[in-house]
Amino acid sequence: MPPVLVFAKLTVQEASRRRLLIALMILTLIVVGISAWGFNKITTVPRSDGSLPSHTEVVLISSQLLIFVVFMYSGVLALSAAVVAAPLISSEVESGMLLSMLARPVRRSEVVIGKWLGLAVLVAIYAVGSAALELAAVDWATGYFPPHPVELVVYVGLEGLALLSLGLMLSTRFSGITGGVIALVAWLMAWIGGIVGDIGTGLQNQAVESVGIISRLFLPTDGLWRGAVNAMEPDVVLAQLRAAGTFGRANPFAALDPPPFAFLMWVVVWFSVMLGLSIWSFRTREI
Amino acid sequence: MAEPASVSTAAAPTQGAAATAPAIHTVDLSKWFGHTIALAGLSMTVPRGEVFGFLGPNGAGKTTSVKLLLGLIKPTSGEAWLLGERIGDLRTRRRIGYMPELFRYQAWLSAREVLALHCELAPLPRSTWKEEISTALDTVGLSDRAGDRVATFSKGMQQRLGLAAALLGKPELVFLDEPTSALDPVGRHDVREIIRELSERGTAVFLNSHLLSEVEQVCDRVAVVDHGRVIAAGTMDELLSGTAVRVRVGGLDDGEKSKLAAFGPRDDEGEHLTFTKLDIERVPELVSAIVALGGRVYEVAPRHQTLEDRFLQLLHEDT
């Protein structure tokens with residue numbers, strides 16, 4: 001097996017043996033169970049006049065609630081970046097675990113790419129698994145199914161992978177604690193940057209709007225999150241957002257349009273740059 | 001004193017000579033960390049099949065030397081070759097075993113899985129893994145714990161596992177960095193036996209160790225490094241040709257003891273003074289001097305210089 005795949009396998013194996021995967025699975029099942037119960041209530045809780053919500057109202061409420069639930073899942077991925085990716089290389093350097101492996105015919109780039117691949121597999125498992133369960137539960141409870149489920153999984157997965165990539169890059173130089181804190185703060189800052197950009201759009205102020213653009217260039221997590229939000233919005237919600245005009249955009253849980261093609265291209269470039277930086281940083285580090 | 005470090009005037013080994021090239025050959029290998037010098041111009045040659053001891057106090061540059069040779073860090077200047085190839089060459093690493101001073105292995109894997117991981121990275125043909133792993137575990141005495149997770153291992157057992165990993169694939173050169181630091185006396189004895197077996201089958205061993213008695217028992221040749229420089233090197237016979245004299249003495253204070261400086265470097269352990277290099281002909285003179293200073297001599301024991309005597313003498317001379 002090529003060293004890249006050996007390190008990828010080792011990363012997945014560690015997450016599995018350290019019971020991270022089983023812990024996430026149990027937590028996801030609990031969240032899915034609770035949210036299914038909650039979503040079911042939307043259809044059965046009567047108004048003050050005793051009537052039940054209409055189908056349109058159920059769709060409206062369910063779609064908005066689903067966005068908040070998925071935001072929680074993206075938060076789990078962000079925290080995973082802090083606890084899994086940020087110490088991934090640094091802890092093995094500090095403990096000496098990597099020493100005996102790097103003395104083998106192994107390139108440092110293979111270590112970095114292998115670990116990144118392992119993280120990508122973990123993110124994909126979590127994103128696909130949790131989304132499938134949650135969407136199935138919501139569909140069962142309310143009859144609502146988001147219009148673009150595949151895009152939703154891809155955007156949430158890429159958002160998680162972006163943070164994990166940042167965490168991995170930081171772990172080539174910083175301790176796990178430092179890298180984790182930086183990754184988490186960067187995620188929140190990018191989220192706030194996106195809101196500020198939206199406010200700029202609402203105010204039609206280009207300078208404020210560019211804050212959002214710049215923050216998405218540095219860390220595309222918020223742009224990807226908006227893609228996920230857009231994938232979850234039914235036509236009725238999009239129509240209301242359009243009716244609200246530019247001010248309707250100043251909301252981190254709303255997205256009128258899917259991410260532009262140029263942004264998606266930038267995401268590809270960003271991942272390449274991040275991986276390239278990680279390899280360069282680790283290769284030039286003295287162990 | 002022996003010549004410094006088998007100092008080599010030889011140029012780089014030629015390509016064709018790789019098969020017969022020395023196990024290790026360095027020319028003026030230096031390493032600076034910022035403004036701190038870790039290794040100052042290491043030049044040495046370790047022949048194939050030799051057990052080479054690399055000694056020195058903490059911070060002398062021993063581990064830095066090993067990491068430079070393995071390509072884990074880059075030299076500031078100088079050149080080095082392992083098995084005839086320049087350091088950092090990936091293919092050469094297939095023929096090298098390494099047990100780091102900081103030995104930590106994947107706690108979530110079993111001992112057998114850790115070794116399989118190293119077989120994979122080495123890389124060894126899959127058909128040989130079973131036998132390689134079984135032999136390595138047997139050699140270090142971990143066969144009965146092969147299926148247990150590393151997390152359940154004591155430090156000594158982890159060190160044995162590290163040694164097993166270094167032995168996989170019958171390497172031509174093995175670096176052992178403080179290989180017995182966590183082992184009990186039985187474990188140390190086992191490691192000495194393993195090193196002897198390696199030497200018998202023609203494997204060169206580069207042994208970094210603080211345990212001088214251990215080095216003395218297994219090494220063909222040693223180099224003593226201090227402040228990043230090799231201050232002495234040679235075979236045991238070359239290094240330990242002198243005599244040491246241990247004296248049990250009373251009635252001397254530190255000031256009076258310092259007046260015995262003419263008798264060479266001295267290891268002061270209270271009432272026991274060891275003159276680490278003193279010609280046996282000067283023993284009567286030494287006793288007279290102690291008595292003249294008001295001291296009482298209870299015992300005088302000349303002996304062949306041990307590596308510890310020599311080591312302390314060299315460090316004394318170096319400061």
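Predicted model: local features only at pLDDT ≥ 70, side-chain atom pairs only at ≥ 80, totals over all residues.
Residues count from 1 along each chain as its sequence is written, while chains are lettered from A and ligands numbered from 1 in the order in which they are written. Local features need pLDDT of at least 70 and side-chain atom pairs count only at pLDDT 80 or more, but totals for chains, interfaces and linings use all residues.

**Stop 1: the A–B interface.** Show both chains. Here 22 residues of chain B are in contact with 19 residues of chain A (contact: C-beta atoms, placed from the backbone, within 7 Å). Now select β6 (96–99), α2 (111–121) and α4 (155–167) of chain B; each supplies at least two residues of the side that touches chain A. Helices (H or I, at least four residues) and strands (E, at least two) are DSSP runs, numbered from the N terminus. α2(B) gives the most, with 3 residues. Colour that side of chain B by class: 14 nonpolar, 3 polar and 5 charged residues. Nonpolar means Ala, Val, Leu, Ile, Met, Phe, Trp, Tyr, Cys and Pro; charged means Asp, Glu, Lys and Arg; the others, Gly among them, are polar.

**Stop 2: helix α10 of chain A.** Select residues 221–232 of chain A. This helix has 12 residues and reaches 17 Å from first C-alpha to last, close to the 16 Å expected (1.5 Å times one less than the number of residues). 12 of the 12 residues of α10(A) are buried, so the helix is largely enclosed by the rest of the structure. Buried means 20 or more other C-beta atoms within 10 Å of a residue's own, with C-beta atoms placed from the backbone. Among the buried residues are A:W225 and A:R226.

**Stop 3: a sheet in chain B.** Select β2, β1, β4 and β5 of chain B. They form an open antiparallel sheet in that order; strands pair if DSSP finds at least two bridges between them. The edges are β2 (36–46) and β5 (85–86). β1 (24–33) and β4 (77–82) of chain B pair over 5 bridges. Zoom to B:T26, which stands opposite B:A80 in β4(B).

**Stop 4: two domains of chain B.** Colour domain 1 (4–238) and domain 2 (240–318) of chain B; the bounds come from an automatic or database domain assignment. Their centres, over C-alpha atoms, are 36 Å apart. The contact takes 12 residues from domain 1 and 9 residues from domain 2.

Terms used: Contact = placed C-beta atoms within 7 Å.
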